[in-house]
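Please open the model in a viewer and keep a selection panel at hand.

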Number of protein chains: 2
Amino acid sequence: MTSALYLDYNATTPVAPEVADAMEPYLREHFGNPSSSHRFGQQARAAVEQARGQVAGLIGVDTDEIVFTSCATEANNLAILGAARALHGRGRHLITSAIEHPAVAAPMAHLTEQGWEVTVLPVDATGRVAPADLAGALRGDTVLVSVMHANNEVGTLQPIAELAGLARQRGALFHTNAAQSAGKVALDAAALRVDLLTLAGHKFYAPKGIGALYVRAGTPLAPVLFGAGQERGLRPGTENVPHIVGLGAAAERVRQQLPEITGRLRRQRDALHGRLAEAIPGLVLNGHAEDRLPNTLNLAFPGVSGRDLLARAPEVAASVGSACHEGAGAVSGVLGAMGVTPERARGAVRLSIGEPTGDDDIEAAAQALIGAWRGLFSV
Amino acid sequence: MTSALYLDYNATTPVAPEVADAMEPYLREHFGNPSSSHRFGQQARAAVEQARGQVAGLIGVDTDEIVFTSCATEANNLAILGAARALHGRGRHLITSAIEHPAVAAPMAHLTEQGWEVTVLPVDATGRVAPADLAGALRGDTVLVSVMHANNEVGTLQPIAELAGLARQRGALFHTNAAQSAGKVALDAAALRVDLLTLAGHKFYAPKGIGALYVRAGTPLAPVLFGAGQERGLRPGTENVPHIVGLGAAAERVRQQLPEITGRLRRQRDALHGRLAEAIPGLVLNGHAEDRLPNTLNLAFPGVSGRDLLARAPEVAASVGSACHEGAGAVSGVLGAMGVTPERARGAVRLSIGEPTGDDDIEAAAQALIGAWRGLFSV
């Protein structure tokens, strides 16, 4: 298998070699349980705490504000269900957006079944939530607002600082799912003014199976899983030491290299867009032209279905929506919420660039996709 | 750091080299998201499904009866909270034992706060639940019984098949936390007659951060986390492919080697017990003399505290209870439930043998512990 034309880095990234190298001693040599008081345990504990500091450093927060979870889905559930359970005495109203990942939308739906009221904010044609809409939706009994930092399908970045500021004024907590943005754009939890922020290891070159939740000091939060007292009681279970070490190494790596990474991703993505646009009349960008992840290119190919297009360019590994929806076959809910017509949504393909992507990959992918589109269009 | 005198394999095991070897390609090479429909995704999907078959093979069940979780704590929560939520219309009574791990006891306590009634069965002096006690506690509104297969502190094995048979007669589901028994004794889910069974990777030479729940076909179960539809909707979140592959490899390995492993663990454990007993008058075994994990030796050292004893034998890495309780400093609740006196409980040390333990380690540990005891006793 060649990885040359993998353009689905929003679905998942490979583990960076230096991250795998950092993990390996914790897979093959150091194996203590961090809860054990003997030296094997204490060594594992030290590794976990070092990684916690590295993850905190990525988003500019205190070490003890990071809770490790098994994935971003679990972090989102902890943020939403945990805040709701901690604050149900203060109110039973939640606010979210129409384009959230199922890992946010599904716990919201669960709370609706439990008697909570959830207001779903619309997005504009570029996929953005209007701060005025949030201002109008906030109520005295709103306990939590959850709006994603960057959309996984179209890459649109939300005005989180502004939205979170509105929530704070009204005494509501603010959570953002930053699973897609970490490793692609700078993340500063204080500047974003959020109380809760989700990270996903496998979106920035750490392994699948590890995530983290930033919990601002003093934020009320109840656990979702119950057991022994790991992670200050917020996330029981023996710690996944190798993956936690990997998440720390990935965070450290991104923190050091981000400006260079962001610039290169944007240049390559825009080159791919340019090549495709000059060859395919009527090609349309889905998402915000500027305020968007630097690696994400969601394009509506005219007159064809995205699925057929990718089937005809099998050397290009990309997706027609998020990986989580791949099986569904239905039109993307994100594009629908943006008001994209069903016909245009049918032609959508998400191309997401990653750090291993080379300039030659961009050219090869462009040729393959142009060839596939011409082949289908001439049928 | 030498691992020579690590005798805390019930707290956690190292990753077996062949397990780490099986994982490594999924850390360093194959990285697809199993939900992606392209070839990168499908290769990851195939690896996950192969591992599912290997885990199913370890306990003699169908492949699609295995749900991967991030740890045994999560599997226990899914079993208990998930069954309770799925069946709350049928009744709100649960039964468990007095010596469960916090990963079972804590979700039970959470359900108590939610209005459920939980009956806690006592254990005898060897740590066993009496089937007659369960028979007397089962009611028409009992929806779930959860009794651990083997106790983590004293190793006592419960008469699960008999207990589960009683539950089945009364229409209640039966869950067993087999986190400690997998890899040490044979596990046959059908023979045990259980509906739900928890496995913990890091107790049988797979990494920390992966577990599984056996869910017998047809068992009603609601999810605890909400998101996309992974694991048949029971456990959302992108799969931890490398750890799942590791769990599969560990299950395959144990399935092939178990009779030999069990015999050697028992021989070494009994040799250690014999050496200590001949040198230390009044040494007492905590737990069942026969029906016990072959690797577990919980001993009450007379006239000393277990903590002081281990402090004086720093080359021996063992524990005075379960790793999860290490920080607490209080006397073990397990020993208390068995009616062990506080004085005897104070002297308790858990020595748990593992596959890497050599006969020379047994002798060295015996000498160190005997020396430490004599040193303390003569003070």
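A salt bridge is defined here as a side-chain nitrogen of Lys or Arg within 4 Å of a carboxyl oxygen of Asp or Glu. This is a predicted model, in which local features need pLDDT of at least 70 and side-chain atom pairs count only at pLDDT 80 or more, whereas totals for chains, interfaces and linings use all residues. Residues are numbered from 1 along each chain as its sequence is written, chains are lettered from A and ligands numbered from 1 in the order in which they are written, and side-chain values use heavy atoms, with hydrogens and water left out.

**The interface of the chains**

Select chain A and chain B together. Across their interface the rule finds four salt bridges. To display a salt bridge, pick B:Asp21 and A:Arg28, whose side chains meet at 2.8 Å, N to O. Polar contacts (a pair of N or O atoms within 3.5 Å; within protein, one able to donate a hydrogen and the other to accept it, and residues adjacent in sequence counting only if both atoms are side-chain atoms) link 20 residue pairs across this interface, both residues being at pLDDT 80 or more.

Elements giving two or more residues to the side that touches chain A are H1, H2, helix H3 (72–87), helix H4 (102–113) and helix H8 (241–279) of chain B. H1(B) provides the largest share, seven residues.

With contact taken as heavy atoms within 4.5 Å, 65 residues of chain B touch 65 residues of chain A. The two chains bury about 5300 Å² between them, 63% of it on carbon and sulfur atoms; buried area is the accessible area (1.4 Å probe) that two parts lose on being put together, summed over both.

**The domains of chain A**

Finally, select A:Glu355 and A:Arg253, whose side chains meet in a salt bridge at 2.6 Å, N to O. The count between the two domains of chain A is two salt bridges.

Note on methods. Helices (H or I, at least four residues) and strands (E, at least two) are DSSP runs, numbered from the N terminus.
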